[in-house]
Amino acid sequence: MKNAIDIQNLQKSYPNGNQALKDINLSVKKGEIFALLGPNGAGKSTLINIICGITKKNKGKINVFGLDIVKSYKEARSLIGMVPQEIATDSFEKVINTLKFSRGLFNRPSSGEYLESILKSLALYEKKDHQIRTLSGGMKRRVMIAKALSHEPRVLFLDEPTAGVDVHLRKELWKNLADLKKNGVTIFLTTHYIEEAEKIADRIGIINKGKLIVMDTKKELIEKLGKKTLIITLNSPLKVISRDFNDYNFELKGNKLKFFFDYGENKKSISKLLNDLIKKKIDFKNIEIEKTNLEEIFLNILEK
Amino acid sequence: MNYRGIYAIYKFEMARTFRTITQSIASPVLSTILYFIVFGSAIGSRIEDINGITYSSFIVPGLIMLTILNQSISNSSFGIYFPKFSGTIYEILSAPISPFEITFGYVFAAASKSVLVGLVILITSSFFIEIVIFHPFWMIILLVLISITFSLFGFIIGIWADDFQKIQLIPSFVITPLTFLGGSFYSINMLPDFWQKISYFNPIVYLISAFRWSFYDNADVSIFSSFFAIIFFLIICLVVITLIFNTGYKIKQ
Ligand SMILES: Nc1ncnc2c1ncn2[C@@H]1O[C@H](COP(=O)(O)OP(=O)(O)OP(=O)(O)O)[C@@H](O)[C@H]1O
Ligand SMILES: [Mg+2]
């Protein structure tokens with residue numbers, strides 16, 4: 001068994017008729033960081049909530065480390081830690097007590113040492129005896145992350161973990177996630193920040209209107225869906241160009257000649273192009289390559 | 001069984017009780033003292049003994065019942081409703097803990113608090129009158145059993161309620177009137193025949209009667225029918241809660 005999460009034919013309609021998820025199939029490998037990207041209302045939270053037992057599914061099968069989340073819900077859930085999108089804390093509890101509560105709820109014997117180490121890693125140690133209501137919003141979110149880690153889960157779900165967290169702490173959090181990954185924890189997160197997905201995720205899924213549109217490694221996503229533009233600066237402006245170039249997708253403006261390639265068309269066609277240019281004695285003084293980034297890919301996909 | 005999970009919920013709820021100690025314990029104590037001053041001393045001194053018991057002594061079991069019923073219901077309904085309201089319920093729903101275990105944690109915490117409040121009222125009363133308890137063992141059993149039953153009832157209300165008003169609805173419009181009419185402050189034998197018969201349909205009559213019996217060894221209705229009524233109500237609550245869990249409960253969508 002090499003997958004941490006396996007989802008088959010998952011469907012969800014809310015009682016009011018909102019169809020939030022339409023036939024989702026998805027696997028997350030053990031030990032990887034998976035990022036789910038998608039616009040507001042795409043169904044990201046619904047998906048996480050169903051896996052974690054907060055919302056019920058209508059159809060489909062979900063396994064976590066091979067355990068069915070309905071039939072073996074106790075075993076499955078004890079492997080899962082989750083941080084929901086909305087901040088919800090027990091305002092009057094002390095930070096350390098709320099962690100103890102979480103650990104107990106997940107049937108783990110108490111371990112002050114472990115809880116303190118989590119607080120330290122999330123820069124909350126100084127706040128350990130403070131009531132949660134006295135913390136800032138970003139700190140509260142970190143308390144929720146600490147709660148999710150308090151029972152030593154093997155897979156961690158984070159629904160927009162960096163919303164409302166400042167730049168410095170966002171970087172810290174990314175480091176925390178990388179450390180967790182090193183310790184073998186699988187991480188499933190949702191985000192609106194493409195930069196975030198690009199920085200930390202091994203694989204990225206894009207969801208829109210309840211459908212998973214693509215799922216791949218970052219590199220493959222760029223290779224499959226990205227575009228390359230070769231910009232050639234000519235020595236002297238041209239008005240027209242030989243018909244031989246009609247096979248290419250290009251644009252000519254004065255001394256700038258732009259060729260557009262899909263990522264799939266590989267290097268061969270670039271070298272062929274350069275050969276063709278030389279054959280036709282078209283002199284150029286500069287070549288630049290522009291690649292589309294993940295953000296453009298994301299926007300392209302959503303427009304379709 | 002997730003014993004640690006049950007204990008975590010229990011401890012959390014008890015911590016809430018002690019954090020709001022004034023509201024949780026002091027306020028029932030204060031209202032008991034007020035009842036004593038008004039009904040016990042001021043008015044009670046003009047009322048003749050009931051079945052050989054002075055009026056101030058007579059009302060003690062009823063007073064305790066009045067508080068216990070309301071406390072049990074509000075403790076557990078609020079206990080489960082508040083996490084739904086604040087959103088912290090997510091953690092309980094995502095934890096490896098069964099609905100039955102969740103219920104266990106909340107209901108026993110609510111019942112413990114009620115028993116505690118009941119005992120505090122008893123002690124407070126002892127400053128005003130001399131307390132005699134004829135059947136202390138049964139008194140404790142009844143106190144615990146009734147607290148559990150009504151905490152379970154409150155838990156059902158808390159799951160069902162989707163706003164604060166609904167939590168208040170049943171205690172204010174059903175339980176409090178039935179308790180007042182159920183012989184907290186009088187013996188139903190004092191009522192005209194017709195109203196006596198009507199009173200037998202009030203389930204609270206059986207609770208108060210049994211509880212008073214444990215104090216003074218005399219009851220309005222037979223102690224067996226009282227126990228039967230309590231157990232019957234407990235079973236109904238258990239059945240309802242099982243049905244709620246089996247048919248998908250209101251917390252999850
Ligand atoms: N409790 C609910 N009842 C009815 N419809 C709901 C409920 N929760 C979510 N929805 C609907 O389901 C769809 C998916 O919502 P979801 O919260 O999963 O989106 P999301 O991808 O997490 O969005 P965001 O990025 O804004 O958090 C939306 O159309 C939303 O309106
Ligand atoms: Mg969301």
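A salt bridge is counted where a side-chain nitrogen of Lys or Arg lies within 4 Å of a carboxyl oxygen of Asp or Glu. The structure described here is a predicted model, in which local features need pLDDT of at least 70 and side-chain atom pairs count only at pLDDT 80 or more, while totals for chains, interfaces and linings use all residues. Residues are numbered from 1 along each chain as its sequence is written, chains are lettered from A in the order in which they are written, and side-chain values use heavy atoms, with hydrogens and water left out.

By this rule, 17 salt bridges are counted over all chains. Helices in what follows are DSSP runs of H or I with at least four residues, and strands are runs of E with at least two, numbered from the N terminus. In one of the salt bridges, the side chains of Asp179(A) and Lys182(A) meet at 3.6 Å, N to O, and these two residues, being 3 residues apart in helix α6 of chain A, are separated by about one helical turn. A residue is called buried under 20% relative accessible area, exposed over 50% and partly exposed in between (1.4 Å probe, protein chains only). On this scale Asp179(A) is partly exposed at 36%, whereas Lys182(A) is exposed at 68%. Arg103(A), Arg108(A) and Glu152(A) are joined into one network by salt bridges that share partners. Helix α6 (residues 167-182) of chain A also holds Lys175(A) and Glu172(A), again 3 residues apart and about one helical turn from each other, and their side chains form a salt bridge of 3.5 Å, N to O. A further salt bridge, of 3.8 Å, N to O, joins Asp129(A) and Lys128(A); Asp129(A) is partly exposed at 46%, but Lys128(A) is buried at 17%.

Contact between the two chains, meaning heavy atoms within 4.5 Å, involves 27 residues of chain B and 29 residues of chain A. The buried area, which is the accessible area (1.4 Å probe) that two parts lose on being put together, summed over both, is about 2,600 Å² between these chains, and carbon and sulfur atoms give 59% of this area. Between chain B and chain A there are 3 salt bridges, and one salt bridge links the side chains of Arg19(B) and Glu93(A) at 3.9 Å, N to O. On the side of chain B that touches chain A, two or more residues come from each of α1 (3-19), α4 (89-94) and α5 (99-125) of chain B, with α1(B) giving the most, at 7 residues.

Helix α3 (residues 95-105) of chain A is largely enclosed by the rest of the structure, because 9 of its 11 residues are buried. The buried residues include Val95(A), Phe101(A) and Arg103(A), and what covers the buried residues of this helix includes α4 (112-121) and α5 (137-149) of chain A together with α1 and α4 of chain B.

Elsewhere in chain A, Ile5(A) lies in strand β1 (residues 3-13) and is buried, at 0% relative accessibility. Although Ile5(A) and Phe65(A) are 60 residues apart in sequence, their C-alpha atoms are 6.2 Å apart in space. When residues up to four places away in sequence are not counted, Ile5(A) touches, among others, Leu26(A), Val28(A), Ile51(A) and Phe157(A).
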